[in-house]
Amino acid sequence: MKIGVIGTGYVGLVTGTCLAALGHEVVCVDALPQKIGLLNDGGCPIYEPGLVELIRTQRQAGRLTFSTEIAESVSDRDALFIAVGTPPGPDGEADLSYIRAAAADLAPHLAGFTAVITKSTVPVGTGDQIEALLADLRPDADLAVVSNPEFLREGSAIGDFMKPDRIVVGTDDLRARELMRAIYAPLTDAGAPLVLTDRRTSELIKYAANAFLAVKISYINEIADLCEELGADAVRVAEGMGLDARIGARFLDPGPGFGGSCFPKDTDALLSTGRAAAVPLRVVTAASEANRERKRLLAARVAAVAGDLKGRTVAVLGLTFKAGTDDMREAASLELIPELQRRGAHVRTFDPKGMEAARGLLPGVRFCRDAYDAARGASAVVILTEWGAFRSLDLKRLAKVAETPLLIDLRNLFDPDEVTRAGLDYVSIGRPAAAARDVGEERTLGAARSARAAA
Ligand code: NAD
């Protein structure tokens with residue numbers, strides 16, 4: 001199958017590369033010449049585990065090319081995937097200007113039957129809009145507009161694409177259905193379920209799924225707050241809940257609140273859709289509000305444990321919104337760090353992959369060569385991103401370089417005993433604080449309560 005992918009970002013690049021790995025002939029197009037130049041030079045504009053290697057093998061096999069030229073990338077293709085951004089508009093609604101621009105760009109070059117497929121996350125009815133736009137620009141074109149939302153997660157994107165929980169395809173066009181079946185045959189033959197439905201349903205599946213996950217996160221985060229008040233252990237609560245097959249253990253890790261380029265924007269976009277349809281989405285509203293508030297209070301949480309931050313140093317370990325990516329969009333660090341600075345703290349930081357992207361976003365921060373360097377002279381060391389490398393930190397060394405041996409772990413990476421044995425006071429999320437020294441216990445126990453009271 002000959003495939004074009006328009007938009008070579010986190011989703012488009014992974015989609016294009018993986019489709020090539022499935023045996024298709026793929027050209028990935030992007031409006032940014034520097035991105036395409038880098039890819040053509042053998043580089044990669046994003047960090048995603050395994051991606052550089054897969055791009056290399058697919059290019060060598062002659063199945064994957066990169067271009068800025070939409071014309072030559074469209075005319076001979078059976079399928080065109082649109083994978084451009086759909087960022088939030090002023091009222092939380094999805095900004096579809098990039099989608100419309102991509103559709104307008106490809107329209108003049110359509111030839112023969114083509115499936116125009118939205119990979120981007122788009123609100124219900126966007127497929128209808130694209131169809132109308134293309135009909136207007138190219139009334140003669142033979143095409144079907146298909147919805148095929150993407151569910152990959154940054155950090156495990158290749159595995160997610162190649163072994164998806166499901167593939168969702170929305171179209172009533174029979175030729176497009178057959179074409180989509182053929183594109184994904186290697187995955188469905190290997191057992192991936194295919195959900196074939198109408199376009200509007202397909203568009204909504206993506207938002208309904210993301211909003212549900214957002215609800216799950218906000219739910220466990222609030223349960224964790226309650227655990228802090230009541231002296232219960234949220235990790236064990238989550239374990240006890242998650243063993244119930246109706247609930248499931250995944251996405252029950254309390255933490256600093258959800259970020260990234262999907263959950264915050266997709267919940268807001270769904271709420272906007274609900275408003276437009278006059279259907280109140282109270283549960284999603286609450287999840288979104290709880291998350292915003294949680295991220296806003298992160299610095300207060302730190303101050304409640306570490307005390308007045310004026311003139312003191314705080315080390316922040318991890319900047320990206322999650323581990324396994326360099327993506328800084330809606331990262332909790334962008335809320336926490338400026339607020340720490342506003343409270344007078346000097347912030348030192350380290351992130352294994354995110355520092356380049358973070359530099360321009362976090363003025364006044366000292367970017368350090370590793371976690372120990374970041375912790376030097378710190379009154380508190382805060383773990384913000386769940387990087388695997390942080391799990392194997394030498395905690396004794398951390399305790400030695402810090403001015404105050406206090407670890408505030410917003411990802412629950414450690415067993416409290418292990419941390420206190422290394423000589424650090426330990427405050428995590430939804431678990432009783434653990435003191436290396438007597439003074440620690442009293443100072444840390446009421447952390448969450450004081451953070452909320454102070455807000
Ligand atoms: P991104 O910003 O990383 O990539 C978008 C790319 O499209 C950019 O490289 C941009 O230059 C390019 N582009 C914009 N307009 C163009 C045009 N007219 N022609 C050619 N290229 C153009 O975005 P992303 O994270 O890959 O997300 C893309 C879509 O996929 C969004 O709708 C998002 O919600 C959805 N999605 C993202 C993820 C994720 O984890 N990032 C997961 C599932 C779905």
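Leaving aside neighbours within four places in sequence, T267 is in contact with A211, A214, F258, C262, V284 and S288; contact means heavy atoms within 4.5 Å. The model is predicted: local features need pLDDT of at least 70, side-chain atom pairs count only at pLDDT 80 or more, and totals for chains, interfaces and linings use all residues. Residues are numbered from 1 along each chain as its sequence is written, and side-chain values use heavy atoms, with hydrogens and water left out.

T267 belongs to helix α11 (residues 263–276). Helices (H or I, at least four residues) and strands (E, at least two) are DSSP runs, numbered from the N terminus. T267 is buried, with a relative accessible area of 1%. Buried means under 20% relative accessible area, exposed means over 50%, and partly exposed lies in between (1.4 Å probe, protein chains only).

R294 lies in helix α12 (residues 282–296). Its relative accessibility is 10%, so R294 counts as buried. Not counting residues up to four places away in sequence, R294 touches N221, D225, G255, P256, G257, R301 and I429. V14 sits in helix α1 (residues 10–21) and is buried at 1% relative accessibility. Residues that V14 touches, beyond those up to four places away in sequence, include E48, L51, L152 and F161. V14 and L51 are 37 residues apart in sequence, yet their C-alpha atoms are 7.3 Å apart in space.

Helix α9 (199–230) packs against the buried residues of α10. α9 has 32 residues and reaches 47 Å from its first C-alpha to its last. This is close to the 46 Å expected at 1.5 Å a residue; the expected span is 1.5 Å times one less than the number of residues. D198 caps the N-terminal end of α9, with a side-chain oxygen 3.2 Å from the backbone nitrogen of R200. Such a polar contact is a pair of N or O atoms within 3.5 Å; within protein, one must be able to donate a hydrogen and the other to accept it, and residues adjacent in sequence count only if both atoms are side-chain atoms. After α9 comes G231, whose phi is positive, near 75°.

Which residues of helix α10 (residues 234–242) are buried? They are A234, A238, M241 and G242. These residues cover an arc of only 90° around the axis, which puts them on the same side of α10; the arc is that of the directions from the helix axis to the C-beta atoms. An α-helix has 3.6 residues a turn, so residues three or four places apart point the same way. The exposed residues R236 and G240 are on the face of α10 turned away from its buried side. At the start of α10, a side-chain oxygen of D233 comes to within 2.9 Å of the backbone nitrogen of V235.

An open sheet is formed by six strands in the order β11-β10-β9-β12-β13-β14, with parallel pairing. β11 (366–367) and β14 (425–427) stand at the edges, each with a single partner strand, so one side of each is left without a neighbour in the sheet. Two strands pair if DSSP finds at least two bridges between them. Two bridges join β10 (residues 346–350) to β11. T349 has F367 of β11 as its bridge partner. Helix α14 (residues 333–342) packs on the sheet and touches β9 (313–317), β10 and β12. The direction of α14 makes about 175° with that of β9; axes are lines fitted to C-alpha atoms, for helices over the stretch in contact, and angles run from 0 to 180 degrees between N-to-C directions. Helix α13 (residues 298–306) lies across β12 (380–383), β13 (406–409) and β14, at about 155° to β13.

Five of the five residues of β9 are buried, so β9 is largely enclosed by the rest of the structure. T313, A315 and L317 lie on one side, and V314 and V316 on the other. Five bridges join β9 to β10 in parallel. The bridge partner of V314 in β10 is V347.

Two loop residues have positive phi values. F251 is not a glycine, yet its phi is about 65°. F251 lies in the loop between α10 and α11 and is partly exposed, at 30%. A278, in the loop between α11 and α12, has phi near 55°. A278 counts as exposed at 67% relative accessibility.
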